[in-house]
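Welcome! Have a look at the model below, and then let us walk through some of its parts together.

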Amino acid sequence: MPPGWLRTSVRVFPLAHGLANTFLPLCYSSSLSRTALARCATSLSLRPPHAKHSVSLFAPSPFPSVYVPGVKSCFSQFSPTFSLCPLTSPCHSFTQLSFISHSAQAMNLPDILEVLEQLAPLSLAEPWDNVGLLVEPSKPRLVQKILLTNDLTVSVMEEAEVMSCDLIISYHPLLFKPFKRLVQKDWKQQLAIRAVEAGIAIYSPHTALDSVKGGINDWLIGGVGSGSVSVLRQAVSSGPLCHKLEFTVRNHEELETVLSELGDRGTGVTFSAARPDSHAYSVRVSCCDSALTSVVQTLWQHSTPQQSLSILPVSKQPLLGCGVGRRGTLDEPISIETAVNRMKAHLGLKHLRLALGAQKTLESTVTTVAVCAGSGGSVLQGVTADLYITGEMSHHEVLDAVAAGTSVILTDHSNSERGFLSVLRERLSVHLDDSVSVQLSQKDRDPLEVM
Ligand SMILES: [Zn+2]
């Protein structure tokens, strides 16, 4: 055993993230022995849901090359794609050894839902939306085939049935309005029933995918050129509204009494106490909206906390880069004609509809662009930009934009969204096991065509 080899730790992180998000508490007090490595690898291979992991071992540097063959042979038995990447650690005193593990296990639905949640957290969806798992088969089964579609139509369902699909990820939710019966006269309910009978799950990310950083709207605005991009309506962290309560207690005894009574009031209360002088304690308590009344009632039973109590609302944190719509300033201004051509190429369309802003020509300059995938009329209303890009706007919304000097590109609703499915497919394939195939629907298309 080389001197100084006292501890080894293992980090696991999904390849796409590039940063460690899980730290396994595997610290070995022994050397980086074959047994310890085997234990690491065994633990890792059992970890769902990510089938592919980049795994790094950190060992004291320099890593003696004489040990490389031993390490390799140890990991190779667990992963044929094992590779050593020495000296890439951000910590200079360590050598980082990496390998990529491929789990042989297929994935079940909850594992895939976890990946989808990572790619587009459902908490980002609009409150009016109906996102997430919409149809769940009664019998759990391993997911091997996923079909991606913008809209789940009858022909897409036929496609899913023919390919023995296990999960349909439909960007737009198939089920949206509440219903009291499941019958055949509604085409959406028909499809939901067919999915249930075929054991096919249906998932919709919809506005979560619009909002997330790097999602549909960032992809859409990226088509017109590079530049700085901001969010039109900022997303904030989810969760119940919080309050911070500050008060003092006279002594340690009162502190213990108050905290114990607060603890009895249930969960959702956290506290910290400091003693700025030798007499009183200054206490901070955080609680969610629903616990506020009960916490205040408790504190009012004690005179010092009651007299010193102040309550502060805690603002929700903005989720930078996430939210509704995007507005960008191009690094290099372009003409309206160039913008049209770039968007045609980006979206793979032969035709777009263009409304020139008042006093504008095809040669007029575009520096600022605002986009909203799908139906952007209400989101873009009043936004200052040279050009709007969206799927659809009403006649009067277009007239308003034109009068304000803003030109408008309309692609038809789903043509502003569908192209992102290829990006989503790539992202899924990075996160999912190799045994799961992700296909783009061949039947999915915008119902409108320019003749
Ligand atoms: Zn849409």
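Predicted model: local features only at pLDDT ≥ 70, side-chain atom pairs only at ≥ 80, totals over all residues.

Let us start with helix α3, residues 109-119, where Asp111, Ile112, Val115 and Leu116 are buried. A residue is called buried if 20 or more other C-beta atoms lie within 10 Å of its own, exposed if 12 or fewer do, and partly exposed in between, with C-beta atoms placed from the backbone. Viewed along the axis of α3, the buried residues fall within an arc of 140 degrees, so they line one face of the helix. That arc is taken from the directions that lead from the helix axis to the C-beta atoms. The cover over these buried residues includes β5 (107-108), β7 (142-143), β9, β10 (201-204) and α14 (420-431).

Residues are numbered from 1 along each chain as its sequence is written. The helix and strand names follow DSSP runs, numbered from the N terminus: helices are H or I with at least four residues, strands are E with at least two.

**The chain as a whole**

The protein chain has 14 helices and 21 strands. Of its 451 residues, 33% are buried. Among contacts with a separation of 6 or more, 69% join residues 24 or more positions apart. Here two residues are in contact if their C-beta atoms, placed from the backbone, lie within 7 Å.

Two strands pair if DSSP finds at least two bridges between them.

Strand β8 (residues 145-149) pairs with β21 in the parallel sense over four bridges, and Leu147 stands opposite Gln439 in β21. Four bridges also join β8 to β9, again running parallel, with Ser170 of β9 as the bridge partner of Thr149. In a regular strand the side chains alternate between the two faces of the sheet. Both faces of β9 are covered: Leu167 and Ile169 are buried on one side, Ile168 and Ser170 on the other.

Lys145 is also found in β8, and with 16 C-beta neighbours inside 10 Å it counts as partly exposed. Leaving aside residues up to four places away in sequence, Lys145 touches Met163, Ser164, Cys165, Asp166 and Ser437. Lys145 and Val436 are 291 residues apart in sequence, yet 5.8 Å apart in space, C-alpha to C-alpha.

**Two packed helices**

How do α4 and α5 lie against each other, and at what angle? Helix α4 (residues 154-162) and helix α5 (residues 187-198) pack at about 5 degrees, with their axes 11 Å apart. Axes are lines fitted to C-alpha atoms, for helices over the stretch in contact, and angles run from 0 to 180 degrees between N-to-C directions. Val154, Met157 and Glu161 of α4 meet Trp187, Leu191, Arg194 and Ala198 of α5.

**The six-stranded sheet**

Another open sheet has six strands in the order β11-β16-β18-β19-β20-β17, with mixed pairing. Its edge strands, β11 (227-236) and β17, each pair on one side only. Strands β18 and β19 (residues 387-392) pair in the parallel sense over five bridges, and Val369 stands opposite Leu387 in β19. Helix α13 (residues 395-403) packs on the sheet, touching β17, β19 and β20, and its direction makes about 145 degrees with that of β20. Helix α11 (residues 336-347) lies across β16 (318-335), β17, β18, β19 and β20 (407-410), running at about 125 degrees to β16.

Most residues other than glycine have a negative phi, and most peptide bonds are trans.

| Residue | Phi |
|---|---|
| Ser164 | near 55 degrees |
| Gln359 | near 70 degrees |

Ser164 sits in the loop between α4 and β9 (167-170) and is exposed, with 11 other C-beta atoms within 10 Å. Gln359 lies in the loop between β17 (353-355) and β18 (365-375), and with 8 C-beta neighbours inside 10 Å it counts as exposed.
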